[in-house]
Amino acid sequence: MKEKIVIWGVGGLTKTFEKYIDPAKVRAFTDSDSQKQGTFFLGRPVVAPDEIKRLSFEHLVIFASKNYDEIYNSSVRLLGDNADKILYWSHYFSYYHMGQTFEIMCADCLAKGYDRLLDAGFHLCGNNVYVCGPLKLSGCGNKPESFYPLYQRLYQQTYPGLREAVRQLEGQGPVPVFAGRVHSEEDAILLEQKMPCLSECFQDIYFTIPYGDTLCNRNLQRLRRFPRTNVTIWNLFYERLVCMRPERARPVFSSVNSGNSTTEISGKTTGQKENEACIRIYIACHKTFQPPVQRIYEPLWLGPAEKNVSGYQDDDEKPSISHLNPLLNECTGMYWIWKHARCDVTGLVHYRRYFVNGHGTGYDNLPGAEQIKEILRNYDVITAPLAFFPVTVYNQLKMTVAPQAFEAGYSSVRQTIAKNQPACIENFDYVMNGHGMFPCNMFVMKKEMYDHYCQWLFSILIEAAQRLDVTSYPAYSKRIMGFFAERLFTVWLTGQPLRVKELPVWVTETIEDPNTDITRLR
């Protein structure tokens, strides 16, 4: 008999991931919204929370990205002695990525004056951190390079164990440590045993703990009783990030204040004033729309020029691959930018998808020239938030197009990578067998870097597309090579030592919340 679960929540998060939920496993849904009670979702009843006490199930899975603690506490009161059945949705799916966790940890370290971080156990490269952060990252433990192609790019220094790391890092200033994930009783015991050594050697000790697991929450309370009185907790999308810091830290490292030194990034210093840059962000479009008023944004018409009645820049100016637009989507515009744009910084957004500052929406909240220049002083690329799937990237795309189109497209792309970019085949397999990708072909970067990306991308994409005969495919599946191009951006990023800044995406006409998962758009 299949495991039975009850799912709390039938809101946006559940709807985003509904195609990954097996209705045969669901006993019922529950929601505190009385208007949803008495309805059906995925063919299963939506009941009031009090009613779940009479149901037989193995897990109560909380699908909520907001008000989690309130829902969790209500669930504990309802289940009583059975509270160990509560799981957070990402824990139930047995997946998560540490991109957001890593970004928050880096920001906290920078605010405290650190310029480096020690990853004790290589946890970051094994948990879907696809890009470098603004800190110098070191790692210690058993080397995982045979499993993770990102290993050599993420870590500037590696050590066989914690003792060797401490010895080598002595004299380089205070160094914080990431001690890993506490996802079991064994994890909590091991961290508790290491805490005296970590406390002696490190000013700040970071670790993560999942939501929705009563045992893990008890482990967190036990760790908090350790005599390190300053504890900070961040409630993130997939997990909690914890930082423990003593009142009187006595790290073995020298007391050099790394915050007073200027961190070197890409041959420049963060304090170095950059010259005024010419910035042009192109808006891919195939219909007339209302463009933003900021001068850095310029519409770029994709496809047949005779339909461009608004005077937008066409992508069929030679050299051009505009004729391939029905197959490659916005990639024909990317090709035009590569060959024709004359600017220092360039990027691509869509006529109904834009980067926004923070959590606001609307044209007034689009980043302008000054914000972009400020971001690119500390980062190399601006992207949409990493999209994450309960299934692999391979299977996620396979589920959305005709089977014959997927198989032919996958084979053609992989063969072309093996032929023209053989050093990247391992990264391609890593991304396709992983769970995360940077979606939508949206980015901003320096033009020199953009040219490097396009030279790589189109050495694969054009030849791979020419191998396919798409005439028999359904209309949507004819665009299979464009969908693979979207995933190839992540493949390229995994092979570059780049610091990536993820900005929220505002989707006009359909989605008003930039935190809404944009993976369902395609």
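Student: How does α15 pass α16, in a left-handed or a right-handed crossing?
Tutor: In this predicted model, the crossing of α15 with α16 is right-handed.

Student: At what angle do those two helices pack?
Tutor: Helix α15 and helix α16, the latter covering residues 480-494, pack at an angle of about 140 degrees. Their axes are 11 Å apart.

Student: Which residues make the contact?
Tutor: From α15, the residues are Met 449, His 452, Tyr 453, Trp 456, Leu 457, Ile 460, Leu 461, Ala 464 and Ala 465. On the α16 side, they are Met 481, Ala 485, Leu 488, Phe 489, Val 491 and Trp 492.

Student: And how many of them are nonpolar, polar or charged?
Tutor: The contact of α15 with α16 has 14 nonpolar residues and one polar residue, with no charged residues.

Student: Changing topic to α13: how far apart are the axes of α13 and α15?
Tutor: The axes of α13 (residues 403-420) and α15 (residues 447-466) are 9 Å apart, and the helices pack at about 135 degrees. They are therefore oblique to each other.

Student: What is the handedness there?
Tutor: The crossing of α13 and α15 is right-handed.

Student: Which residues of α15 does α13 meet?
Tutor: Helix α13 meets Ser 459, Ile 460, Glu 463 and Ala 464 of α15. Its own contributors are Ser 412, Val 413, Thr 416, Ile 417, Lys 419 and Asn 420.

Conventions: Residues numbered from 1 in each chain as written. Predicted model: local features only at pLDDT ≥ 70, side-chain atom pairs only at ≥ 80, totals over all residues. Heavy atoms only, no water. Axes fitted to C-alpha atoms, helices over the stretch in contact; angles between N-to-C directions. Helix = DSSP H or I, 4+ residues; strand = E, 2+ residues; numbered from the N terminus. Parallel < 35°, antiparallel > 145°, perpendicular 65-115°, else oblique. Left-handed = near helix turned anticlockwise from the far one by under 90°. Contact = heavy atoms within 4.5 Å. Nonpolar A, V, L, I, M, F, W, Y, C, P; charged D, E, K, R; others polar.
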